Amino acid sequence: MKDSDRFAPVAYRAAIIHSLDDPSTAGLEDSYQYYEDGLLVVADGHVVDIGQAEDVLARQPIDLKTVNLGNKLITPGFIDTHIHYPQTGMIAAYGEQLLDWLNNYTFPEEKRFADPDYARKVAVHFLDELTRNGTTTALVFGTVHKESIDVFFSEVEKRKMRMIAGKVLMDRNAPEDLTDTPESGYLDSKELIERWHNKGRLHYAVTPRFAPTSSREQLALAGKLLEEYPDVYLHTHLSENKNEIAWVEELFPERKGYLDVYDHYGLLTKRSVFAHGVHLCDGECQRLAEQESAIAFCPTSNLFLGSGLFPLKRLENFGVKVGMGTDVGAGTSFSLLQTMSEAYKVMQLQGDKLHPLKSLYQATLGGAKALSLDDRIGNLAPGKEADFVVLDLEATQLMKFRMEHAHNLEDRLFVLMTLGDDRVVSATYAYGEKVYLRE
């Protein structure tokens with residue numbers, strides 16, 4: 001794209017929906033904007049204007065370039081708050097719960113990332129899958145090899161996506177050729193932070209895999225990194241599986257619980273995101289809220305590994321920030337639409353309902369808030385970065401037939417989130433540039 005093209009406004013005409021606030025606190029009616037015949041104006045990677053097409057056209061130049069998308073729906077780009085790019089090649093691995101799954105599938109695959117060429121091949125496929133599914137921002141695990149992050153970020157740069165990633169810290173209870181040391185993990189992370197953090201749309205996350213695979217010394221140095229670089233992220237796992245929790249209690253008998261291990265080493269910050277949190281006590285929920293740390297809700301993974309049902313309502317009652325994560329490869333789909341479908345079922349099993357407007361919020365603005373990026377992404381308000389997805393609500397014959405029987409917007413959204421997958425995504429735009437087009 002030429003610079004003159006990048007700065008020239010372009011308008012996209014279709015139905016448009018985006019979240020303004022959390023429906024659980026703002027109420028459904030005040031939580032979103034919907035324009036049946038909408039116009040989204042983009043220039044230099046940012047949203048310039050949004051509204052009903054007639055209104056926007058009246059206040060924009062008469063020669064405004066307009067792309068008519070027909071009977072489509074524009075939403076903000078989806079935000080995945082927990083995913084593992086090195087596990088792309090082992091998605092849908094059969095028959096284990098968390099700890100055996102790590103040993104039998106995850107660790108053997110991650111050893112291959114010592115080869116930068118292999119890491120690059122997987123990174124390209126991983127990013128292709130994200131854009132094909134409408135995801136424009138993700139919080140991403142690498143492997144213990146610092147090269148896995150160099151390769152990943154270099155590929156992301158080509159696509160203008162906003163990504164957060166980090167090298168895994170893991171100095172015990174893992175295969176020898178997949179471990180670092182407290183010192184090498186600290187120095188490698190520091191080098192990667194200096195090279196990549198805040199470069200364009202890239203951010204770094206200090207990434208201990210989980211408490212059992214990091215010594216006290218390593219966790220202390222992870223806390224030191226957060227002190228030295230206060231705007232980097234912390235990304236790890238928490239209270240996913242009951243056997244995992246019991247193991248943490250054995251390894252850290254001096255601490256009050258799983259979360260307290262991380263808390264003791266200074267790992268609870270506003271930019272800390274903990275994946276899962278299926279089995280948290282009230283005190284842990286309260287502490288997360290106090291520190292403004294976030295939880296990534298990963299329903300497909302929690303169901304696939306038999307980990308349990310995520311207590312969304314309880315966390316929200318404490319004011320904990322919650323985003324949505326696919327957790328590929330324990331999660332079984334890159335699609336946040338399919339993830340929304342599984343989230344609905346998880347809530348049903350707890351006697352509760354997940355409204356489609358709430359699901360949209362979790363996968364967009366809620367994810368942005370969980371990542372402390374809602375000043376830049378998450379919805380399509382003027383001034384925000386222009387990450388958006390064009391969705392075809394009649395992408396399959398079944399969806400087309402079902403949409404004919406939909407009574408209102410909420411019904412159509414629920415059909416989209418229940419029956420939709422990557423086939424629904426017609427195009428994905430990152431920073432105003434098309435990064436995927438369905439052929």
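Tutor: A helix here is a DSSP run of H or I with at least four residues, a strand is an E run of at least two, and both are numbered from the N terminus. Gly223 sits in one such run, helix H8 (residues 216–228). This is a predicted model: local features need pLDDT of at least 70, side-chain atom pairs count only at pLDDT 80 or more, and totals for chains, interfaces and linings use all residues. Residues are numbered from 1 along each chain as its sequence is written, and side-chain values use heavy atoms, with hydrogens and water left out.

Student: Why does Gly223 count as buried?

Tutor: Buried means under 20% relative accessible area, exposed means over 50%, and partly exposed lies in between (1.4 Å probe, protein chains only). Gly223 has 5% relative accessibility, so it counts as buried.

Student: What is Gly223 in contact with, leaving aside its neighbours within four places in sequence?

Tutor: Contact means heavy atoms within 4.5 Å. On that rule, Gly223 is in contact with Tyr265, Gly266 and Leu267. Asp263 is 40 residues from Gly223 in sequence, and their C-alpha atoms are 9.4 Å apart.

Student: How do you know that the radius of gyration of the protein chain agrees with a compact globule?

Tutor: The radius is taken over C-alpha atoms, and the globule rule is 2.2 Å times the number of residues to the power 0.38. For 439 residues the rule gives a value near 22 Å; the chain has 21 Å, so the two agree. The C-alpha atoms fill a box of roughly 65 × 50 × 40 Å along the principal axes. Buried residues make up 60% of the 439. Of the contacts with a separation of 6 or more, 75% join residues 24 or more positions apart.

Student: How many helices and strands does the protein chain have?

Tutor: There are 18 helices and 16 strands.

Student: Why are H15 and H18 called oblique?

Tutor: Axes are lines fitted to C-alpha atoms, for helices over the stretch in contact, and angles run from 0 to 180 degrees between N-to-C directions. Under 35 degrees is roughly parallel, over 145 roughly antiparallel, 65 to 115 roughly perpendicular, and the rest oblique. H15 and H18 pack at about 55 degrees, with axes 9 Å apart. The pair is therefore oblique. Pro356, Leu357, Ser359 and Leu360 of H15 meet Glu410, Leu413, Phe414 and Met417 of H18.

Student: What are the classes of the residues in the contact of H15 with H18?

Tutor: Ala, Val, Leu, Ile, Met, Phe, Trp, Tyr, Cys and Pro count as nonpolar, Asp, Glu, Lys and Arg as charged, and the others, Gly among them, as polar. This contact has six nonpolar, one polar and one charged residues.

Student: What makes H5 and H6 oblique?

Tutor: Helix H5 (residues 116–132) and helix H6 (residues 146–157) pack at about 40 degrees, with axes 9 Å apart. The pair is therefore oblique. The crossing is right-handed. A crossing is right-handed if the near helix is turned clockwise from the far one by less than a right angle, and left-handed if anticlockwise.

Student: How do you know that Ser239 and His276 are buried?

Tutor: Ser239 has a relative accessible area of 1%, so it is buried. His276 has 0%, so it is buried too. Ser239 lies in the loop between strand E10 (233–238) and helix H9 (242–251). His276 belongs to strand E11 (residues 272–276). Neither is a glycine, yet phi is positive: about 50 degrees at Ser239, and about 95 degrees at His276.

Student: Which peptide bond is cis, with omega near 10 degrees?

Tutor: The bond from Val328 to Gly329. Gly329 is in the loop between E13 and H14.
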